[in-house]
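Please examine the model shown below.

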Amino acid sequence: MSGPAAEFDAVIVGSGPGGSTAADILTAAGWSVCIFEKGRNHLIDPADPSRLTEEYSNDEIKYMLRWFLGPDPLLEPRTFRRHEGEGDRIHTGEVNNLPSTVGGGGVHADGKVPRFREDDFRMLTTFGPVQDASVADWPLTYADLEPFYAEAERSVGVAGDSAANPFAAWRSGPYPMPPGAPMYGALLTAAAAEQHGLHPYAAPTAANSVPYDGRPACNNCGFCAFYGCPIHAKGDPVAMLRRALLSGRAELRAETFVSEILVRNGRATGVAYLDADGRRATVTAGQVILAAGAMESPRLLLLSGFEHPLIGRNLMFHFQTYVMGKLAERVHPHKGRSVTHVHDDHLVPDAESRAAAKAAGLPWFRGGMVEHAGPAHPILEAKLAPWGELHKWIMRESHMREHLWGFCMQGEDLPQPTNRVDLDPTVRDMRGFPVARVTYYPHRHERVASEYYAAKLEAVLRTAGAEWVAATTSPYPDSTDTVGYLSPIATSRHVVGTLRMGADPATSVCDPWGRLHDVPNVVVADSSPFPTGSGYGPTLTLIALAIRNIRALCGTTPPAPEAGS
Amino acid sequence: MPVFFTDDEYRVIEAACARMIPADADPGAVEAGVADYIDGFLGAFRFDPPRIWAGGGFSGRFGGTPTFAAFHRLNHWDELAWRTRIEGSLGLPEREWNGPVTGLQERYRAGLAELGDDFADLDGAEQDRRLKGAEGFTPLLYEHVCEGMYGAPEYGGNRDLAGWRYIDFAGDVQPRGYSDEEVSRP
């Protein structure tokens, strides 16, 4: 080997919730690991992992306008087209930028971490096929994953009320913490939702409601979704990463880009990478854990020359339905942890929704978890206001912030093989590597479900006292304006499904334990293996799946709950 | 003293700020130092570290050790990105791996030319007419005016918290945060 090569039991590509979880489980089992992260480290001091850094802040410019958490779309653009007929691309730049930073998507998430339901793992069996969609069962059940969900909730620290949601899957125990303070606006819409026969409940949240795991309770600062937490009250993924580094068996290499998984005779032997100074080197390892996210993981396999025809296919987001309205009162959405109430009713088809599906020519449809929320910060609000004499009046009245409240439904997005990530033929990142290209257009299922549930949510919002209501979606499929507010590019950061798992190598890229069929000592530990996307955020499920699959790899069992928390 | 604009350009930017967010009983964009925000952004690399990302975790306005004013150091790639975005690619091969990039500085110089050297001395109605005519520039300027008015004051604008005070927004509240009562009550 040339350069600063080192031997590790495993190399982990990506330091987000999946990679950090893998590092935690493997180091606890005595493995030596090297964690590669292409973004910068603002999260934790590797020289003294007990010390969390103080680089996050309540700063709308830094996070919402200047890509502090990366990736910078000039350095690492992605490209987008709705379908192949549009040519190579219709957009170059920001396409669903989950953070590229130590901690990955866990840093910017506001920490809503619901479990999936039992039927999320059995979509084909429960609901049946849909034309032009590749609906599939998972190769495991909710019962298989339940112990690892429980472990994941203890690991990151989840606040929630295990009795509050009648649609929740069964649980082996309560949440580690009680829910945090409910936001005022959410109390209004939750009461209205109950009048409509819905079942709002306290959102399961990976933000401490009480001191937990040596980190303080959340103090409701309001800079939550899209911001790093200045006091580290958000648990995911700092909890796993800190344990891994404290073990002394994990090395964290930030600003280091893995450009190739090295393979010899059907086995991965390590990775090639570029360090912060652009120097090429390789490192050898017995296992490669791929946890770069559902965009970058397939990109790395394609850059490495992997050839399975399904790599990158069945890309899913959430089809978001926004229903917002103006409430008479000021509901101060900037006070609180972004989302404190959700309801799951629209994930469960009933007789009425089945009739609506039939009328639209679909066998069934599902919506998604509905978040009760409003926009928090003034720069975004001001940009929506006009300049001139009216500007200050509009900002004082604050119809678009202090009075704006409503719903975001994270609608289930059916898998379609034509929705995919591949390598752009000409656009490059700053290191010279082809960037990920997204080809995506939603299935009719998503649009029909969105229209159906939007009408219901509008009625709820009127009951809550809204003077006006308006509904829109992201993506906004028939627009070609890729930089405006109504863009065909999904703003959902819930990206899943590009390395489908299953028992049959002909219809899946990785096996039921996350191992690539073609190179089984590569284990995928992010949201790429998901066969279907659910209407719940993917984070807790990808952590639970990583725990299950990495424990299987190293042969350890979960600790008893008392020992784990 | 502006670090990027000439004094004459700075006067034009201030005059445009006065039309976009005028003073009334409360300060407007001029009084809030929005022109300084824009000048500091376009001239970010006149500072060391460059004024791109303010520090963390606390400003000191609600307790904690004030660190916002200590801007983050940029690594090699960050500097490449922000120099390219602000200065443009200028024909430099290392900035043009995906083709030429027009910098913000160039867009401002073109926009200022469109508004005219005499802009600051015109009456308000004519200033508004020219702003509306500068279709490629005015939306960009307005975005930056909003950032300077309502962003953290460490970036040069929002002087004396003028942008936050008049809309009754506390801004960065860490490490105090909000009490449970403040979150859950009207």
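Two residues are said to be in contact if their C-beta atoms, placed from the backbone, lie within 7 Å. In this predicted model, the contact between the chains takes 49 residues from chain A and 45 residues from chain B. On the side of chain B that touches chain A, the elements giving two or more residues are α1 (7-20), α3 (76-87), α6 (138-150) and α8 (180-184) of chain B. Of these elements, α6(B) gives the most, with 6 residues. Sorted by class, this side of chain B has 26 nonpolar, 10 polar and 9 charged residues.

Chain B may now be considered as a whole. Its secondary structure comes to 8 helices and 0 strands, so that the pattern read along the sequence is α-α-α-α-α-α-α-α. The C-alpha atoms of chain B fill a box of roughly 50 × 45 × 30 Å along the principal axes. Chain B has 186 residues, of which 44% count as buried. Among its contacts between residues at least 6 apart in sequence, 51% join residues at least 24 apart.

The nonpolar cores come next. The largest contains 142 residues, and those with the most contacts inside it are A:V11, A:I12, A:V13 and A:L290. Helix α13 (residues 539-554) of chain A supplies the largest share of this core, 9 residues. Apart from this core lies another, of 45 residues, including A:V342, A:M400, A:F407 and A:L461.

Which residues is A:L290 in contact with, leaving aside its neighbours within four places in sequence? They are A:V13, A:S297, A:L300, A:V522, A:V523, A:V524 and A:A525.

Note on methods:
Residues are numbered from 1 along each chain as its sequence is written. Chains are lettered from A and ligands numbered from 1 in the order in which they are written. This is a predicted model: local features need pLDDT of at least 70, side-chain atom pairs count only at pLDDT 80 or more; totals for chains, interfaces and linings use all residues. A nonpolar core is a set of buried Ala, Val, Leu, Ile, Met, Phe, Trp, Tyr and Cys residues joined through C-beta atoms within 7 Å. A residue is buried if 20 or more other C-beta atoms lie within 10 Å of its own, exposed if 12 or fewer, and partly exposed in between; C-beta atoms are placed from the backbone. Helices (H or I, at least four residues) and strands (E, at least two) are DSSP runs, numbered from the N terminus. Ala, Val, Leu, Ile, Met, Phe, Trp, Tyr, Cys and Pro count as nonpolar, Asp, Glu, Lys and Arg as charged, and the others, Gly among them, as polar.
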